[in-house]
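Please look over the structure below before reading on. The report then takes it topic by topic.

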Amino acid sequence: MALGAALAGSAPAAQAHSNVWADYDTRKTSSCPCTLWDEYDGTYFQHDQGGKAARGRIYSGNELVGKMEFHPRGEEIWVYDTKANGDAIYWQIELDGYRGPIFRLDSGQRYGVYGGLVAENLPIKVYAYDDLASDGSGKNLMATISGTT
């Protein structure tokens with residue numbers, strides 16, 4: 001799986017997150033179980049022969065505010081609001097050109113799992129927004145993490 005991180009333009013002053021940047025890691029899962037350490041919870045991947053797992057993290061300055069993971073065993077996408085401070089992150093997953101609905105994660109929900117619709121080797125983009133517009137679309141794009149499942 002190739003996974004990259006692209007950042008949105010500079011953040012307006014009204015946004016809760018500023019100086020936003022993202023990184024990513026991949027791990028072949030043929031030799032797993034294994035982990036990718038992070039300051040939130042560590043990321044655990046199960047064995048999946050020939051699979052590649054990925055994790056993208058979103059930072060505001062030096063603080064981890066969100067992350068996404070692709071787990072090839074089970075073919076699941078997990079997203080997290082790692083700050084969980086009541087300031088929600090709005091997530092949207094685009095898989096193979098289809099953009100799903102936007103959903104909210106905040107201090108009441110730390111992660112969401114999307115399974116069953118995800119297959120390996122499909123183009124994927126995961127969008128993280130700071131807010132919603134009045135029409136329900138994403139507003140204040142913080143980061144886009146893109147690659148292939």
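The report covers the model and its confidence, the overall fold, and then selected sites.

## Model and confidence

This is a predicted model, in which local features need pLDDT of at least 70, side-chain atom pairs count only at pLDDT 80 or more, and totals for chains, interfaces and linings use all residues. Residues are numbered from 1 along each chain as its sequence is written, and side-chain values use heavy atoms, with hydrogens and water left out.

pLDDT is the predictor's confidence in each residue, from 0 to 100. The chain averages 78. A score of at least 70 is reached by 83% of the residues. Residues 5–14 stay under 50. For that stretch the model has 17 contacts beyond four places in sequence, a contact being heavy atoms within 4.5 Å. Where pLDDT is low, the predicted coordinates should not be read in detail.

## Overall fold

The chain has 13 strands and 0 helices. Helices (H or I, at least four residues) and strands (E, at least two) are DSSP runs, numbered from the N terminus. Of the 149 residues, 44% are buried. Buried means under 20% relative accessible area, exposed means over 50%, and partly exposed lies in between (1.4 Å probe, protein chains only).

Among contacts with a separation of 6 or more, 55% join residues 24 or more positions apart.

## The disulfide

The structure holds 1 disulfide, defined as a pair of cysteine sulfur atoms within 2.5 Å. Cysteine 32 and cysteine 34 form it, with their sulfur atoms 1.9 Å apart. Cysteine 32 is buried, at 6% relative accessible area. Cysteine 34 is buried too, at 13%.

## Two glutamates

Glutamate 94 sits in strand β8 (residues 89–95). Its relative accessible area is 16%, so it counts as buried. Its side chain makes a polar contact with the side chain of tyrosine 127 at 2.8 Å. A polar contact is a pair of N or O atoms within 3.5 Å; within protein, one must be able to donate a hydrogen and the other to accept it, and residues adjacent in sequence count only if both atoms are side-chain atoms. Leaving aside neighbours within four places in sequence, glutamate 94 is in contact with Arg99, Pro123, Ile124, Lys125 and Tyr127.

Glutamate 75 belongs to the loop between β6 (63–71) and β7 (76–81). It is partly exposed, at 28% relative accessibility. Its C-alpha atom is 5.9 Å from that of alanine 119, although the two are 44 residues apart along the chain.

## The second largest pocket

This pocket holds about 170 Å³ of space. On a 1 Å grid over the protein atoms alone, a pocket is an open set of points where a 1.4 Å probe fits, with protein on both sides within 12 Å along at least five of seven lines; lining residues have an atom within 4 Å of a point. Points are joined across faces, edges and corners, and the volume is the space filled by probe spheres set on them.

The lining includes Tyr44, Phe45, Glu69, His71, Trp78 and Tyr80. β4 (43–45), β6 and β7 each supply at least two lining residues. β7 gives the largest share, with 3 residues.

## Positive phi

Most residues other than glycine have a negative phi. Aspartate 96 has a positive phi of about 55°. It lies in the loop between β8 and β9 (98–99), and is partly exposed at 48%.

Asparagine 140 also has a positive phi, near 60°. This residue is in strand β13 (residues 138–148).
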